[in-house]
Amino acid sequence: MNLLPAEGLLRYHEETKHHPERYARALGYMDWENQPDPFRRYEGAPVLDLPLLAQDPPGGHLALYEPAGASAPITFANIAGFLELSMGLSALKQLSGSRWALRMNPSSGNLHPTETHLVLPRMPGGSAGIYHYTPLRHALERRAELSDDLVQRALSCLGADGFLAGLTSIFWRESWKYGERAFRYCNHDVGHALAGMRFAANLFGWRLTCLTGLADEAVEAVLGLRRTRFLPQEEEHPDLLCLVHSGGRGSMPQTLPAELVAEFARIEFAGRPNPLSREHVDWEIIGRAAELSRKPATVDTPPTFGGRGMIQADDSALSAAAIIRRRRSATEFDRRRGIPRSHFFAMLDKTTPRDGISPFDAGLGEPFVHLMIFVHQVEGLHPGLYFFSRNDEHLPELRALTRPEFAWQPVEPGLTLFLLQPGDFRQTAAMVSCHQEIAGAGAFSLGMLARFGEVVRREPFRYRHLFWESGMVGQVLYLEAEAHGVRGTGIGCFFDDAVHELLGLSDDRYQSLYHFTVGHPLEDPRLTTLPPYAHLRGR
Ligand SMILES: Cc1cc2nc3c(=O)[nH]c(=O)nc-3n(C[C@H](O)[C@H](O)[C@H](O)COP(=O)(O)O)c2cc1C
């Protein structure tokens, strides 16, 4: 079938909706024999073991959003710290003889489709090269040695010092369990990882800017993805390349010149990707969605968000690094406990894009994602359905499209939060989130409502970016929940159209792309938690 890219993607989106009577297609059982290895290795590539942080970088809660100190030198040790606090392990969990790793970045089903690659200049202790990060060993695998001159020319085109960090996705890791909907989850995970890297960069006084002008083909060329022999279904697909830097000139070209990319395209890459599963299922619709949402080169003007001040009153007593390290997904909530309204406001406020405030200063572009919130237990607020705007330009349209009976009553000066309808939405919230109790049992849960049809029709690659933006919002909420003594969980399983119906939306102008829930966690007493790198002790 020969569909226009946008129409093909909109069809993918429609076909991978969950409905109460029909979930998106998946295997329907767990094929444990073929569970993909969550850790990629490039066998035969030289390995550079990285040091673990002896001491976390300084900075309180708000250092996540704005660097607290001067920029740290770009060294292997500091890059190791940046990786540890963004893509490294956060804990080992153990239950009756089986043990698995959790990571700083969350991932649907803990399946971790996202891989990290770095392009590093020459530094004491290592040559310039293209490296793959392997979080289990906390090491870099050198896939290609580069002339430092090439890296320096790339950096000088960008007008900054630093290094490049690239993300790729292995769709099979998610589709093994989630079938056709998995492409969405892989992209959420990219958003979580990107926000995680942006936050970690701040702790070293660094900035992070996405090279959003680059075509996917260029990202593939720089990371050697086309010059690597992957097993079918185990390919790494290009997501993005960003520059981690210490400032540079004001506005940076968010791209690299074609001649330079062509030089990268001639490099030889070392290392054979480890096989992840013995057998695979080819979910063809995912391959098609990936193809239809491939990004061409673009010329982007970075948006400005304005300077509305951040609510700072409720910053946490925890350090920024401690917040990152504590992040976990809750599996059950204490139904009796709510949160103060000041905490609720402070959490929402951090999802607002602001100039120079992370993670939305990473340069992805205009914000399209809003929050439709079910407030269950927030002290001093009526339980009910609320709306939080992250881009006020969309408000008139949203008000016109949603149910006429919604009150749109402003809640708090300086916060774009509106009460739409008071009421007890606990059951509704759980129902629309695939009957998951955690969506109805906490302090609040929400759906991320994105401006959709027009955005995808105009630039089909933005289909992926909308999920990235949702994932970034999710990462902010995960960390804010920890900062305020509660816990969050991303929710990828929800009944798409049931949410739209609740709001009175009847077409694709806005779609709910991701859900999230926050509350007081109840721990599972059967699980034992071990330190993240217990297995490397004595290295
Ligand atoms: C995109 C995404 C979707 C998720 N969907 C659900 C979900 O529907 N239900 C749920 O209980 N957990 C969900 N999770 C939480 C993951 O299962 C969790 O992140 C993973 O098990 C790793 O655990 P950690 O977050 O504690 O590191 C989701 C996480 C992400 C990032």
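**Reading the terms in a predicted model**

Mentor: W32 lies in the loop between α1 and β1. The model is predicted, so local features require pLDDT of at least 70 and side-chain atom pairs count only at pLDDT 80 or more, while totals for chains, interfaces and linings use all residues. Residues are numbered from 1 along each chain as its sequence is written, and side-chain values use heavy atoms, with hydrogens and water left out.

Trainee: What makes W32 exposed or buried?

Mentor: Its relative accessible area is 55%. Exposed means over 50%, buried under 20% and partly exposed in between, with a 1.4 Å probe and protein chains only. W32 is therefore exposed.

Trainee: How is Y23 classed, and how is F495?

Mentor: Y23 has 38% relative accessibility, so Y23 counts as partly exposed. F495, at 0%, is buried.

Trainee: Why is the pair of Y23 and F495 called edge-to-face?

Mentor: Rings of Phe, Tyr and Trp (its six-membered ring) pair if their centres lie within 6.5 Å; planes under 30 degrees apart are stacked, over 60 edge-to-face, and the rest tilted. By this rule there are 21 aromatic pairs. The ring centres of Y23 and F495 are 5.5 Å apart and the planes stand at 80 degrees, so this pair is edge-to-face.

Trainee: What does the pair of Y23 and F495 tie together?

Mentor: Y23 is in the loop between α1 (5–15) and β1 (42–43), and F495 in the loop between β19 (487–491) and α16 (496–503), so the pair ties together parts 472 residues apart in sequence. Helices (H or I, at least four residues) and strands (E, at least two) are DSSP runs, numbered from the N terminus.

Trainee: Why is α1 called oblique to α8?

Mentor: α1 and helix α8 (residues 284–292) pack at about 140 degrees, with axes 9 Å apart. Axes are lines fitted to C-alpha atoms, for helices over the stretch in contact, and angles run from 0 to 180 degrees between N-to-C directions. Under 35 degrees counts as roughly parallel, over 145 as roughly antiparallel, 65 to 115 as roughly perpendicular, and the rest as oblique. Hence α1 is oblique to α8.

Trainee: Which residues make the contact between α1 and α8?

Mentor: P5, G8, L9, Y12 and E15 of α1 meet I285, A289 and L292 of α8, contact being heavy atoms within 4.5 Å.

Trainee: Why is helix α10 described as largely enclosed?

Mentor: Seven of the nine residues of α10 (residues 341–349) are buried, so the rest of the structure largely encloses this helix. Among the buried residues are F344, F345 and M347.
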